Amino acid sequence: MKRSQRPAVVAVLVLLPTLLLAACGVVARPDAAAWDDQAAQALTDASSQVATARLALVSARDGRTWSAYTTVLVAQAEEAAGKAEENLSRVQVPAARADDAATVLDLLDRAVDLVAEARAHAVSGRYGDAGLLEDLDSLAGRLRQAAP
């Protein structure tokens, strides 16, 4: 190596750790608007999954779909509702949204539980439980209303 190249190599080696640390980034304070957007998306996703579970049960009850298809559809809705809840629960809640976060996460938890109940009904071939269908319909509406 030529003598004139040494200072440049040393400078790169000295600056490299600093550049790597800067590239890693530090988690910034949570942004309330960003959290609101993620919460709205999670609520919308969960509402869709609750509505899908209800539609699958009603279609099976009316003989428009077969049992295996209904079971798979409701199981996939349960998984997707769970992912929506899980993804939002991993996000740091801004202090200004603490009360809202509790309400949103409770609604998402209820959605996961109710879709799991719908799956259990689908597996056992019980498609026409009026109480469950009403609960699914009501919760889908509450989830849509909660999404800003």
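Colleague: In which helix is the place of Ser-59?

Modeller: This is a predicted model, in which local features need pLDDT of at least 70 and side-chain atom pairs count only at pLDDT 80 or more, whereas totals for chains, interfaces and linings use all residues. Residues are numbered from 1 along each chain as its sequence is written, and side-chain values use heavy atoms, with hydrogens and water left out. Helices are DSSP runs of H or I with at least four residues, numbered from the N terminus. The run covering residues 32-61 contains Ser-59, and this helix is α2.

Colleague: Is Ser-59 buried or exposed?

Modeller: Buried means under 20% relative accessible area, exposed over 50%, and partly exposed in between, with a 1.4 Å probe and protein chains only. Because its relative accessibility is 11%, Ser-59 counts as buried.

Colleague: Which residues does Ser-59 touch, not counting residues up to four places away in sequence?

Modeller: Contact means heavy atoms within 4.5 Å. With residues up to four places away in sequence not counted, Ser-59 touches Arg-64 and Thr-65.

Colleague: What caps the N-terminal end of α2?

Modeller: A side-chain oxygen lies 2.8 Å from the backbone nitrogen of Ala-33. A polar contact is a pair of N or O atoms within 3.5 Å; within protein, one must be able to donate a hydrogen and the other to accept it, and residues adjacent in sequence count only if both atoms are side-chain atoms. The residue that supplies the oxygen and caps this end of α2 is Asp-31.

Colleague: How far does α2 reach from its first C-alpha to its last?

Modeller: The expected span of a helix is 1.5 Å times one less than its number of residues. For α2, with 30 residues, 44 Å is expected, and the model comes close to this with a reach of 43 Å.

Colleague: What covers the buried residues of α3?

Modeller: Helix α3 spans residues 67-89. Its buried residues include Val-74, Ala-81 and Leu-88. Their cover includes α2 and α4 (98-123).

Colleague: How far apart in space are Leu-105 and Ser-89, C-alpha to C-alpha?

Modeller: Leu-105 has its place in helix α4 and touches Glu-85, Leu-88 and Ser-89, not counting residues up to four places away in sequence. It is partly exposed because its relative accessible area is 26%. Leu-105 and Ser-89 are 16 residues apart in sequence, and their C-alpha distance is 7.2 Å.

Colleague: Over which residues does pLDDT stay under 50, with zero contacts beyond four places in sequence?

Modeller: pLDDT is the predictor's confidence in each residue, from 0 to 100. The protein averages 87, and 79% of the residues score at least 70. Where pLDDT is low, the predicted coordinates should not be read in detail. The stretch with pLDDT under 50 and zero such contacts is residues 19-27.

Definitions and conventions. Helix = DSSP H or I, 4+ residues; strand = E, 2+ residues; numbered from the N terminus.
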